[in-house]
Each structure stands twice: as structure tokens, then as C-alpha cells.
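Have the sequence and the 3D view ready.

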Amino acid sequence: MSETNKTLFKDIKFYLAEENSKLSQILKDGGAQKEFYIVPVANLIIADNVHFQNYEQAKESNLPIVTSGWVHMCVKCDVLLPYAAFSLKKDQIFANTVICASQMPSEDRNALLGMVLFHGGKFVNTLSSVCTHLIVGQPKGKKYEAALQNKINVVTPDWIKDSILKETQQLVKEYEPLVKVVSKISQENIKQTTPNMISTATSSAFMTPVTPGQIATDALSLPTNQNKENIEMISASTNQCPPDLLKGFKIYFCDYEDRLPANTFNIWRTAITKVSGVIKDTYGPDVTHVLCLHQQSPIFKKALEDKKRIATAYWLNDVLVAKKVFPPKTPLHLPVPFTDTIAGMKSSTFTVTGYENKDRNLVKHMINFLGAQYTGYLSKNHSYLVCKKREGAKYKTALEWGIPVVNAKWLGDMIQTGQSFPCKLKSKYAKVGIADELLINRTFSKYITELWDSNTSEQSESANGTIDATSGEKRKLPEGEDGTDNTPKEKQRKLNPNVKRVLFTGLTGTTVHRLRQNVVKLKGELARGVNDCTHLVAPKITRTVKFLSAVSICKFLVAPAWVDDSFEAKSFLDESTYTLIDPESEDLFGFKLKRSLQRAQTRQVCKGLHFHVTPAILPAPNAMREIIECAGGKMTEVKTVDELVNVFVHNAQNDPSYNSYLVSCGDDKNLWADIVKDGYDIYNVELILSGVMKQELEWNLHHL
């Protein structure tokens, strides 16, 4: 053993599962500090097996657990190596897998080596009888022929990548090279040309592994991946389930089947069949329930239109484990709006305190689902503490270290909306111990939850109530949260869904007059305003009230040529080829119109938000009201300090249905100067104007 670098392990505080004086001395010689307790001081656990006294505590701490081989290899390479390649976990993707590569550039070969080692496999330079897989860039060469002759699995590099993405080894036959050569190399030849001993990998490969963050993984982490303990319970659970638990359920899976490990999907299929349910292979009128991961797929939109009951595989999982049917309760029971990760979550680290048993697991699952990292301990590097009660060591330490303390409702609302919200001291998300924090916020998702409210024989709640997640009792929904339309009757207008209602902006009077006449001759209608238009015709992207409102509510934003060409064709033409294109304005305003329209048609950006505005803002409050309401939000004008306190401050602290925010300007500073000192955030109008244009609110960029 080479002499240990005296500073190699200087940042390591290690806990030894079993006493090993030689190993301990190597670590100490490298500057490490030995600890006799796992929590709260150790930052690394060293163990060669799981049979040690404090193993359960070690798992709960979420600290890395490595074998003693990590220490020896670090000394040999004179560098701290990644933990994953020496992890004690038995369920790593490439455990018991020995891989060799052929016909590949050295750069790709090194990347594969890093992936394999990171996920528990072994990588050798020379093909031998101990190899389980040969990875080939091209199906040719001596290694390739020898592998075929000796029945060693031959696959393309995509097998490695897809196995990592889907978190289980994929079927070899789906990744075999397209061309196969019948080999004549004998078993004796392979024995003569390849040693029985596995060649050791070079140390440089350990120094630059490919981590999961570097691999192009899907932005959506499946909730079932963090719910493995429950999935393992399903088969046993269904043996005690009522045999007709899912009688009449015809379930269609969308987004899942191609993304889940085959064994997981088969467990569900068997479990559903045992309790009289049916999995449908195609979507059709007879489908009763649709389980989908996100709201971007055409199937979700069709199911919503057909008034099918919609949930996620997480919901099904919980129903089978609980042995009773209930409507979606938690945010993880509903498909998420978008497929992209919420800004800032990937780099955030969470821990929790005060939650127990199922509630604690649910909070952990929500954290993981958002793409953030969960640990069982608290450090100064943590981003947030999710807290149930204002007590305990973690809570006091978080306050001392200035780590934001939030409730679980913040996590749930992010999952339901696809966007982050401010969670500072005066936010509703900083209030600890609130009721129903683990339940669905129906203000954000009533268009899905209301499908479960009518004619639901499996549950006892009505359209104005929902089942409590823990007690099973019905709670009264806050006003406006029950899915009803609160628009005054005189403002409601019966609209024919098959008629095109057209509005114009940014055009000259004579042009508008001609286009209006053409629309009428084509049996279309002239929209009274943005609220009832299906098509906005504009020559370019502008930040007018009409245009900003239309982004949120209008299905089509088209160029004037759509009307002219349709008139010549004597019928309305397909809009897709006339979608407004204005790259210069898109660059100027920093957005993509197509993306904004897609997001708006999935979920309006201000849905569930209540903006309080002061009189001097521009656009004026009346114009701002139209923009906000078209984006799904509410607006209240506050004109005095008393109104600010009695309306805004009251709503910010007490409104259970809407998130309340104050939008103002420097000219109205006399109204809000005092509440800023109390910790309330004030935003400028650009939060809304830019947010509506992008269909994404950027809170951190638009403080006053």
C-alpha cells in the first residue's frame, strides 16, 4: 500500500460499522476524523456488509455507505473517488454484471465505463468467459465474433443508457446489433486469446464518472420509483382485498407502460385482475378511468373532454395497498401539468421533521417527485426544512442557521401547478401546522377533481365536499373551490363551440373592416372581447391588453393571411400553417409563443392566485384586471393603507383557497412602506405582464 496523502481525507468524518484498526489508521493518516456516532456528526459510513448493529439508523440518515474498497482505491489513485461505484446497495442496476466494450472511440468507452461503475457493475478491457455483456459500436471484430460463439450477450451502447434511464436492465434482444455474423471461433480459441482474470480499470476512469445528473434523464421522476416499498406490498395486499374492489373499473394507462420496469407493470396488471378490474390496451368509450403521468398528452385532454375519472399510478398504488377505493386525495394522485422540472428544484436539498409514518413517506415522495434531494439529516447546506410542528431539534437548528421552514402544502401546490411560489416568512407556506396540508388544493385542480364528484358510488362525498386523507370525513370546500362558475349571469353568454369567434388587434381600421366582413361571410362570428374569442388575428406580437389576455385564453393566434386565404377558399382553413410567427419580438420579450400557448391550454398561469393592486400601476387596474382574469386569477384594487391591511394582509394570511400577492409601483410606496418592514414581498407589474406572455411567473426577478 502506498503512503497516504496527509490531506486526502481531510473533509471526511467516518463511522466504521465494524472495528478495523488498519483501515482506521489509513483514514486518519489522510486527515480523516473518526466518529463514534452516525448522527449528527459523521458524513460517511464504511461497511462491507449490511449486518451491523446500526444499519437501520445508517439508512435513515441517508449518508453514503461505502465498502472498505473505496478507501484503498482512493489511496491508490490519490484522489477522492465517487461513492456510488463502491456503494453497499444490492439493488444497483448493473450489480453482478461484467461488461466489455469493442469497436468504440476511447471517449465513448470511458463514458460507458463511468456509467457502469457508477451503477454497480464491473468493466473489463479484455473479453473472457466471466463477461456477461459485450457493448459494440459496430457489429464486427474478434471480440464480437467470440461473444456470439460463446453466447455472451451483445448489445449496443443504448442498452446502458436506457437501463439507467428506466432504472432496470432492459431486455437484451431489443438492443442487439442489426447485423450478426456467424462466428467460427472455437471455445478453445477464446480461452487461448483471453485471460481468465478480469483486467482492472484505470484509475482515471474512476476520477471522471458519468453521474445521473449528466445523463439525459426525464424531467419527471415517476412517483412509483420512490414508492417501491408499497409496490412490493401490492401482491400480498390483493390477497386480502375484496374480490370485487375494482369491479366495473376499465383502466387505461397513459405515459406509464413504456417507462416502467416490466415487472412493476405486471404486478399492477395481476393485482388489478385479482380484484375484478380490467386494463384496457386502447382508449375508447368503455374506459372508465385514465391513469396518466402528466397533462400534456392528447389522451389526457380527450379523457378530460369525455369526463373520465383521471388519476395517477400513485393513486392506484395507494388504493390497492389500502384495500379500498377513494377519490384522489394527495397531489401525487393527480397528473402534473407540465413535463419540465420546476426551476431551482434540482439543486435543492430538503429534510423533514414532525411527520410520521405514511405522512412522512408522502412528504419524502413529493420532494423526490419534484426532482429535489431528500436527506434524513439537516446541515447548513440544506435549502429547506419541511416542518409539521414548531418544535424539535431540526426546527430550532433551521431557525438558527437561517434555513427556510415551509409546510408540505408548498410542495403539493408546486406539483399541482408546475411552478414555484414564494415561501418567505409572511407566506402562507411558512405557516406550520396548517390543516389539510397534504391534501389536494382543489382551487388548482378542480377541473380534474370535479370529475370524481358526480355519481361516484365508490365514495361518500358530494360535489361540495371531499374526503379527509386521514379521518375519512367530509370537509366543506371554501367558496369558489367547488368548481362552480361564479361569473354573474348577465356576463355569461352561451357560445356555440363549433363557431369560430374572431378578434383583431394591431391592425389599421381599413384592414380590420375588410377582415371583419370576410369572417362574417364565412359564417364566423365577431368576438365581443377576448373572453369569448377563439381566434386572435394580429400582424405581430405586441404587449397590448388584448394580446396579453389572448395568450392565456385564446386557442389560436394567427396572422391576417388566415382570414384572407380562408375567404378565397370559401371556408376556414387549418390554423396550424397560419400561426403567428414573429422571432424578433420573441427574442425581445424572451419567450416562445408556441410554448406559451401550449402551457396556457394546459393550465392558466394565474389560476388560484389573487393579486391585490394599487391605483398608480400601469397598465391601469381595469386593464390589469382583464389580463389577470383571462389568465385564471382574481384581482382586487386596494386604494388606502387600511384597505391594504384589512384586505391584502388578511387574505395573505387566511385565504385557504387563493395565494395572495401585492403588485404595486414606486408612486404608491406610501401605501406599502410599513408592511415591507413586516416581511411582505411587493412585486412590480412586470411579474404579470412578463409572466402572462411566458405563462410562467418569475417571482425572483420582479420585486419592488
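This is a predicted model: local features need pLDDT of at least 70, side-chain atom pairs count only at pLDDT 80 or more; totals for chains, interfaces and linings use all residues.

Residues are numbered from 1 along each chain as its sequence is written, and side-chain values use heavy atoms, with hydrogens and water left out.

Start with the sheet: it is open, with four parallel strands in the order β10-β9-β11-β12. Strands here are DSSP runs of E with at least two residues, helices are runs of H or I with at least four, and both are numbered from the N terminus. Two strands pair if DSSP finds at least two bridges between them. At the edges sit β10 and β12, each pairing on one side only. Neighbouring strands are turned by 30° against each other on average, direction ignored. Between β11 and β12 there are three bridges, and V290 faces I310 in β12.

Angles run from 0 to 180 degrees between N-to-C directions, with axes fitted to C-alpha atoms, for helices over the stretch in contact; contact means heavy atoms within 4.5 Å.

| Helix | Strands | Angle |
|---|---|---|
| α10 (residues 262-274) | lies across β9 and β10 | about 170° to β9 |
| α12 (residues 313-322) | touches β9, β11 and β12 | about 115° with β11 |

Now for L370, in the loop between α13 and β14. Is L370 buried or exposed? L370 counts as buried because its relative accessibility is 6% (buried is under 20%, exposed over 50%, partly exposed in between, with a 1.4 Å probe and protein chains only). Leaving out residues up to four places away in sequence, L370 touches T341, I342, M345, L411, M414 and I415.
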